[in-house]
Amino acid sequence: MNFEIDDQQRDFASSIDAALGAADVPAAIRAWADGDSAPARKVWAQLTDLGVTALSVAEKFDGIEAQPIDLVVALERLGYWAVPGPVTESIAVAPILLADDERSAALAAGELIATVALPPQVPYAVNADFAGLTLLAGDGRVAEATPGAAHDSVDPTRRLFEVDASGDGQSADTARAYEFGVLATAAQLVGAGQAMLDLSVSYAKQRTQFGRVIGSYQAIKHKLADVHIAVEMARPLVHGAALALADGSPDTARDVSAAKVAAADAALLAARSSLQTHGAIGFTQEHDLSLLLLRVQALRSAWGDPALHRRRLLEVLS
């Protein structure tokens, strides 16, 4: 089985990088943490222009109806740039829950941003104050929900909201939606891990100790090589899980959980290595590494933490 992406997907990823690289996403993240989400909305408008918000929406609602692998390619880049907001929920999950709902057209057009709670694995809806639609899903049904009490997250751009259903709702493929949520989160973790590795490699070429750049020391080379290997091992698992979802494989749960565990572990290793490489400056709010560190900690537990997915793997394999 070939897990490589094709030239069209590479070009799509490059176009996302070009747009987000020029959008000053770190400034948008910091503005959000200070209570101003307007810059982040401009970033989301760019995602709409690129077609990212329409990826999983059916063609009958003017969506792209792309394959899960296309979604993974896009969300890895969004994870790389640490795009704030309910990325997993609005781009990957809501289109599955609202598959035959006319509101899907607004999702595709970027006129509507959605967030989702799917208890027990996803008890809170992230960024319900930013989203225009809050959904509560479970047991094969989805309903519009009203946000309640808010809870702070380790990432200040990811406030978590209690929700209550505001109606009976409609039938939905909640099991498949959950798998898409896990996969989308795993893809973002791979992207964040790659971003931290790139920052560390760049910094290791500049920082000096004892008259030498630290990147010349074998210990640093080995540490960064370990991160590179971890990220490169996680990426094909994420791609493989996307193919399993596309094919409706009976092994989908196994593959998706394996991808989330590998991606979470790779991102955590990247975070630790980045801090060791950067030293005290990596802890400061002024350094962009700090934004990725907080995002990784939040995403590791989102849509099921590694312990939950390891248990699911054991149940499937036993």
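Author: Let us begin with a term: a cavity is a set of grid points where a 1.4 Å probe fits but cannot get out. Please also bear in mind that the model is predicted.

Reader: Okay, so how many cavities of 30 Å³ or more does the structure hold?
Author: The structure holds one cavity of 30 Å³ or more. The volume of the largest cavity is about 60 Å³.

Reader: What does a probe tell us in general?
Author: When a probe the size of a water molecule is rolled over the atoms, it shows where empty space is left.

Reader: Which residues line the largest cavity?
Author: The lining is formed by Val83, Gly85, Val87, Thr88, Glu89, Arg158, Thr185, Gln188, Arg295, Leu299, Ala302 and Trp303. Two or more residues of this lining come from each of H5, H7 and helix H10, which covers 289–301.

Reader: And which element gives the most?
Author: H5 gives the most to the lining of the largest cavity, with three residues.

Reader: How does that lining divide by class?
Author: The lining of the largest cavity divides into five nonpolar, four polar and three charged residues.

Reader: What about H4 and H8?
Author: The axes of H4 and H8 come within 8 Å and cross at roughly 145°, and this crossing is right-handed. On the H4 side the contact is made by Pro68, Ile69, Val72 and Glu76. On the H8 side it is made by Arg235, Val238, His239, Ala242, Leu245 and Ala246. These residues divide into seven nonpolar, one polar and two charged.

Reader: Next, how do the axes of H9 and H11 cross?
Author: The axes of helix H9 (residues 252–278) and helix H11 (residues 306–317) come within 9 Å and cross at roughly 145°. H9 passes H11 in a left-handed crossing. Among the contact residues are Val256, Lys260 and Val261 of H9, with His309, Arg310 and Leu313 of H11. By class, this contact of H9 with H11 has nine nonpolar, two polar and five charged residues.

Reader: Changing topic again: which peptide bond is cis?
Author: The peptide bond from Pro119 to Pro120 is cis, with omega near 5°. Pro120 lies in the loop between strand E1 (114–117) and strand E2 (125–126).

Reader: Last one: what is the phi of Asp62?
Author: Asp62 has a positive phi of about 65°, although it is not a glycine. Most residues other than glycine have a negative phi, and most peptide bonds are trans.

Reader: Where is Asp62 found?
Author: Asp62 sits in the loop between helix H3 (38–50) and H4.

How values were computed
Residues numbered from 1 in each chain as written. Predicted model: local features only at pLDDT ≥ 70, side-chain atom pairs only at ≥ 80, totals over all residues. Heavy atoms only, no water. Axes fitted to C-alpha atoms, helices over the stretch in contact; angles between N-to-C directions. Helix = DSSP H or I, 4+ residues; strand = E, 2+ residues; numbered from the N terminus. Left-handed = near helix turned anticlockwise from the far one by under 90°. Contact = heavy atoms within 4.5 Å. Nonpolar A, V, L, I, M, F, W, Y, C, P; charged D, E, K, R; others polar. 1 Å grid on protein atoms, 1.4 Å probe; cavity = no way out; pocket = protein on both sides within 12 Å on 5 of 7 lines; lining within 4 Å. Points joined across faces, edges and corners; volume = space filled by probe spheres on them.
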